[in-house]
Structures are given as C-alpha cells and as structure tokens.
Amino acid sequence: MDFKNILVGGDPELLLSTDRKIDNIFYGSGKMIPALGLFGGTKENPVPIPGLPKGYKMQEDNVALEFNFPPANDGKDFSDRVTLAVSTLIKISNAKGYYVTRKSSAIFDEDVMTDERLKVFGCDPDFNAWTLEENSKPEPPYPNFRCAGGHVHISWEAEEDPSRDILKGINLMRAMDVFAGLSSIEEDKAGVTRRQFYGKAGCYRQVKPNWFEYRVLSNFWVFNPYLSNSIFTKVIESAYLLKSKDGVDFLNDNGEKIQALINSPNGNHLEFNEVKALEKEAFNISHKNMEMDGPITTVLREVRSEEHTSELQSP
C-alpha cells in the first residue's frame, strides 16, 4: 500500500480552569470551566483564531475549546502550527481570566453545567478499525465527567477507486495503534482515565475515502513541541509499515494483542516489555521499507533526535 502526498492535521481539544495550578485528574484548587459561550464557533461554523493566518480556527465543543490548524506535510511545520495555535489560545484564555489545563478528563461542578447543550456526553458515532463495527456510545462514570481528545487527521492523494483508499485508511488506523496508540501508554500516563471511555484501540472516523481521523489519543501531545513533532513521524512510519506484506502480516498477527494492551484499564505499565517488543518489530519493518526511498529515513531520524523539551503552559 502506497500513500502519496500525506497531509497531517488535527482537531485537538483543551479544557479550562480558573486556576493554572490544577493539574490532577479529579482534584485541584481551581474550578473547571466550560468553554461554551466564551470563544464562539461551532462544529458547523468554526471561527478564525484571532491574529492567526487563514486555516487556524476554534470552536466550542461541549465543555472543551477545540481548534484546527492547516494540515502539514512536514514534521516541523506540523509541530510549529500546533504550538502557534495552543500558545495563542492560552493568551486568549488568560485575557478572559481562565487557564488552559493539561487535563484530558475532568469532573465539572453542577453549577457550571446548567446549559442543556452541556448535558451530552459523546458525539457522532465512530468506528473500530479492527472489528469494522461502530463503537458503542460511552457512559460517563459521573454525570459531569468530560474528556478532551487529540484527534489526528490524515489525508493522502486519492486513488481512482475509492474502495482502495478506504482499505488503506482502515489499515493505516491499525498501524497508528502500533506507533501512536502503544506509545501513548507511556507518554500519556494521565490519560488512562479518559482511555476507559474514549480512545479505545482502532477508534477512527472516515471523513472521505482518502481522509481518516485517528481518535485514540488524548490532547497530551499538543503541549510539547517534541511530542507533536513525533505525531507526524508516527503517521509516516505507519504508512511505511503498510508498504510491504511483512507489515500487513504483522498487524494481522498481532491485532488482538495490540488492542488488549491499549484497552487495558491499568495503563499497561506492567506489560512495558511487551509493548516495546511490538514497537521495535514494527519500527524495523517500517524503516526497512523506508530504505527504498533513502532521504526520508534521514529526515525521520533527525526528527526523533531533536531535543524539543520545552512545554507550553499558561503563565
């Protein structure tokens, strides 16, 4: 399977608080505040992010502040665009007296959830790339429990036959579970609560035959330029995994194990070695396939070695 002219974008969500010190899943000195009514924009009609170029938009999605940015065909551009959007939204939020938190799940007090639009938990249906079935609508553990996602949008040059693109997209979602889903177990330890309800293995939505949304990840990667850069790298590695029969066979042989590891309620820290073994095998297949194209291998190695350790935060 070949993917030509890949573009990577996203529609991550941010949660707000009255106190920048709140960084725990359920507790903290600040009060969680819904974005509804503060920023404008809806899913049907997002609004431009003030001061940013065309293509940067925001919207109120239930309690969350959701944003979009122009899709990129390069890891640094992808990371820079995410960073620009988040840093700008942090400033806009601060000016309103609120703070962007790093939380991917939270319980909101009843007194801020009186608007009927905030009563809905969940959104349009999504699907499981492994079973090809619609995912059941999650049931929150508490009435005002809400989550924030870090969904990744991936598109590529369309085939003449749309059914080929759909097959490619479904397999790409499975491959993303290996490179992005498994690694998020360690990178997003705070996201284990969200993962019990949202972001199960293989979770995706098809926008077009050649445009898929990977919905497994929380928003953890938008606050660190290195992590956002690595998201782009993982998309490319996933595409290259599928370039050979060995990669497709790897997914078929290990699908059940990959799903079990991502969906484990424990965060899978006890299965660290098993996760690393799967990642290593997939990495080797993917990068062997990359050797065919030469220069891209060097690019990806440079991306992985960059020391982007600074993290975005409200002042």
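**Cutoffs and conclusions in a predicted model**

User: Why is Cys203 called buried?
Analyst: The relative accessibility of Cys203 is 4%. Buried means under 20%, so Cys203 counts as buried. The value comes from a predicted model.

User: And why is Cys147 called buried?
Analyst: Cys147 has a relative accessibility of 13%. That value is also under the 20% limit, so Cys147 is buried.

User: How many disulfides are there, and what makes a pair count as one?
Analyst: The two sulfur atoms of a pair of cysteines must lie within 2.5 Å. By this rule the count is 0.

User: What makes Asn5 exposed or buried?
Analyst: Its relative accessible area is 57%. Exposed means over 50%, so Asn5 is exposed. Asn5 sits in the segment before strand 1 (7-10).

User: Is Asn62 buried or exposed, and why?
Analyst: Asn62 has 17% relative accessibility, which is under 20%, so Asn62 is buried. Asn62 lies in the loop between strand 6 (57-61) and strand 7 (64-68).

User: How do you know that the length of helix 6 agrees with its residue count?
Analyst: Helix 6 (residues 272-290) has 19 residues, and at 1.5 Å a residue they should span 27 Å. The end C-alpha atoms are 26 Å apart, which agrees. Among the buried residues of helix 6 are Val275, Leu278 and Glu279.

User: At what angle do helix 2 and helix 4 cross, and with which handedness?
Analyst: The axes of helix 2 (residues 162-187) and helix 4 (residues 225-241) come within 8 Å and cross at roughly 145 degrees. The crossing is right-handed. Residues making the contact include Leu172, Phe179 and Ser183 of helix 2 and Leu227, Lys234 and Leu241 of helix 4. By class, the contact has 9 nonpolar, 2 polar and 3 charged residues.

User: Why is Ser183 called buried?
Analyst: Ser183, in helix 2, has 10% relative accessibility; this is under 20%, so Ser183 is buried.

User: Which residues does Ser183 touch, not counting those up to four places away in sequence?
Analyst: Ser183 touches Val178, Lys234 and Glu279; contact here means heavy atoms within 4.5 Å. Glu279 is 96 residues apart from Ser183 along the chain, and their C-alpha atoms are separated by 8.0 Å. Glu279 is one of the buried residues of helix 6.

How values were computed. Residues numbered from 1 in each chain as written. Predicted model: local features only at pLDDT ≥ 70, side-chain atom pairs only at ≥ 80, totals over all residues. Heavy atoms only, no water. Buried < 20%, exposed > 50% of the residue type's maximum accessible area, 1.4 Å probe, protein only. Axes fitted to C-alpha atoms, helices over the stretch in contact; angles between N-to-C directions. Helix = DSSP H or I, 4+ residues; strand = E, 2+ residues; numbered from the N terminus. Left-handed = near helix turned anticlockwise from the far one by under 90°. Nonpolar A, V, L, I, M, F, W, Y, C, P; charged D, E, K, R; others polar. Expected span 1.5 Å × (residues − 1).
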